[in-house]
Amino acid sequence: MDQEETEKTETPVFGKGSFVDIEEILEGQHTGNEVSIRGWIHRERDIGNMVFLNIRDPSGIVQATIASDNFEEERFNEIKSLLVESSVKVHGEVAEDHRAPGGYEIRTTDFEIVNESEDFPIHKDQSVEHLLDNRHLWIRSTYMRDILNVRSTVFGAIHEFFRNEGYKEFQSPILTPLACEGGSTLFPVDYFDDEVYLAQSWQLYAEAGIFGTGDIYTIAPSFRAEKSKTPRHLTEYWHAEVEGLWLDYEDIMELGEGLILHIVDKVLEENKKELESLREGDMEYLENLECPFPRLTYEEAVEILQEEGMDVEYGEDFGVPEEKKLTSLYDKPVFVTHYPKEIKAFYMKRDPEDESKVFGYDLLVPHVGELIGGSVRETSVESLKNRLEEEGEDISIYEWFLDTRRYGSVPHAGYGLGVERVIMWLCNLDHIRDAIPFPRTPTRYRP
């Protein structure tokens, strides 16, 4: 390769200057060379004439050794007095040392203090509430860093999947005058002289959008005013949703399978180190995941649960115990299909072979439960009106939505995926609040 070709293939890195990422050091790229890094003191140990500082940047942690022989006494004592989370710049030679974290250290020859930290309020073995109260600081932890790295990959993978499938990104209002998933879970907002609500879903607006734009998707915040304190519920979460023209029941399930597999593949490719740490080495389930996923009707699922000794009756929606039991019986995510119409949203199309059921499904995964909820959409104006009346809704508010059926409606389908639940599942988290930087729950809206 000649010089001109080399210049074309090199990728510029803007804003880094002469500093390297710690990750490069831990990969052995700079052994024996002098480097400069910048970051924060993660741990510190003082043995008199030597100071050992673990320096953290967003890519990793490396040990810097500071010998008193290399610094004036006043400067050395100043370095020794630094507290955790002080920001610094370090220059020195990289050496391999199996005793150091990550197997490498920087033998420091120059050291700059950027900002001295006060006594950091987070220490070992502190309560969950203390960590939540100090969330703005706890997100510096390597635990949260690993989760948020996975989160970033998940968002990118969702965009990549849908765009590769030919879907266009489409945005809908956050403020809405009507319910999509039931009025009891809406957050009201004063809107001048009227009352509106924070959106539960983009879906009704998406069903208007597809007739002009075609197949569309979004990733946006959604809000549910459920006073639920389970480990898998947030009041504000990120919702990946899709709506496609001419899709039938099997199409929309396959589109869900494809998205899940693509997300898993991308996270295994880009975040294997983080996953191994968070899942404590339990990687086999994700690495062996493949299509198709098992499909059970709701009726079959109820029978299985009853055989397993669960106290569940036909017509009841599944809760956490039922979903966990079902997913424990399979080595893959599992679809539950053909729910009774009474426990699903008004817009789901009824099964013409049994109108007591709808073409609606949930995709369940171990540890978390429901990951995706999807359906074929009802195209009959009269059926939609009847369902809205049954639920006590004011039909006049939905007239604009009914117009999408009056003027050239076609078969279509879609689903919604809770992004934090995906992250909870991938990272094997005990609580969904750790899948988002600043969680919102019925009891917490700070910081």
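**View A. P321 and S328 are exposed on the other side of α12.** This is a predicted model, in which local features need pLDDT of at least 70 and side-chain atom pairs count only at pLDDT 80 or more, while totals for chains, interfaces and linings use all residues. Residues are numbered from 1 along each chain as its sequence is written, and side-chain values use heavy atoms, with hydrogens and water left out. Here "exposed" means over 50% relative accessible area, "buried" under 20%, and "partly exposed" in between (1.4 Å probe, protein chains only). Helices (H or I, at least four residues) and strands (E, at least two) are DSSP runs numbered from the N terminus. Helix α12 covers residues 320-328, and E322, E323, L326 and T327 in this helix are buried. These residues span an arc of only 125° around the axis, so they fall on the same side of α12; the arc is taken from the directions from the helix axis to the C-beta atoms. As a reminder, an α-helix has 3.6 residues a turn, so residues three or four places apart point the same way. What do the buried residues of α12 pack against? Their partners are β12, α11 (298-307), β13 (334-337), β16 (360-365) and β17 (369-376), with contact meaning heavy atoms within 4.5 Å.

**View B. β17 is mostly covered, with six of its eight residues buried.** On one pairing, β17 runs antiparallel to β16, and six bridges join the two; two strands count as paired if DSSP finds at least two bridges between them. L363 stands opposite I372 of β17. The two strands make a hairpin with three residues between them, and H367 in the turn has a positive phi of about 80°. β17 also pairs with β18 (residues 412-418), again in the antiparallel sense, over five bridges. In that pairing, look for V376, whose bridge partner in β18 is A413.

**View C. Three strands make an open sheet in the order β7-β9-β8.** The pairing is antiparallel. β7 (175-176) and β8 (188-191) are the edge strands, each with a single partner, so one side of each is left without a neighbour in the sheet. β8 meets β9 (residues 194-198) over four bridges, in the antiparallel sense. Strands of a sheet pair through backbone hydrogen bonds, either parallel or antiparallel.

**View D. D434 and R135 form a salt bridge, with the closest N and O atoms 3.2 Å apart.** This pair ties together distant parts of the chain: D434 is in the segment after α15 (419-427) and R135 is in helix α5 (residues 135-138), 299 residues apart. A salt bridge here is a side-chain nitrogen of Lys or Arg within 4 Å of a carboxyl oxygen of Asp or Glu. The structure holds 33 salt bridges.

**View E. E257 and R295 meet through their side chains in a salt bridge (3.0 Å, N to O).** Here too the pair links distant parts of the chain, with E257 in helix α8 (residues 249-270) and R295 in strand β12 (residues 295-297), 38 residues apart. E257 is buried at 5% relative accessibility, whereas R295 is partly exposed at 28%.

**View F. K341, E342, R350, R387, E390 and E391 are linked in a network of salt bridges.** One link in this view joins E391 to R387, the closest N and O atoms being 3.3 Å apart. E391 is partly exposed at 38% relative accessibility, while R387 is buried at 4%. R350 lies in strand β14 (residues 350-351) and counts as buried at 19%. Leaving out residues up to four places away in sequence, R350 touches K341, E355, K357, V358, F359, E378, R387 and E390.

**View G. Two cysteines, C291 and C427, are shown here.** How many disulfides does a search of the whole structure find? It finds zero, taking a disulfide as a pair of cysteine sulfur atoms within 2.5 Å. C291 is partly exposed, at 33% relative accessible area, whereas C427 is buried, at 1%.
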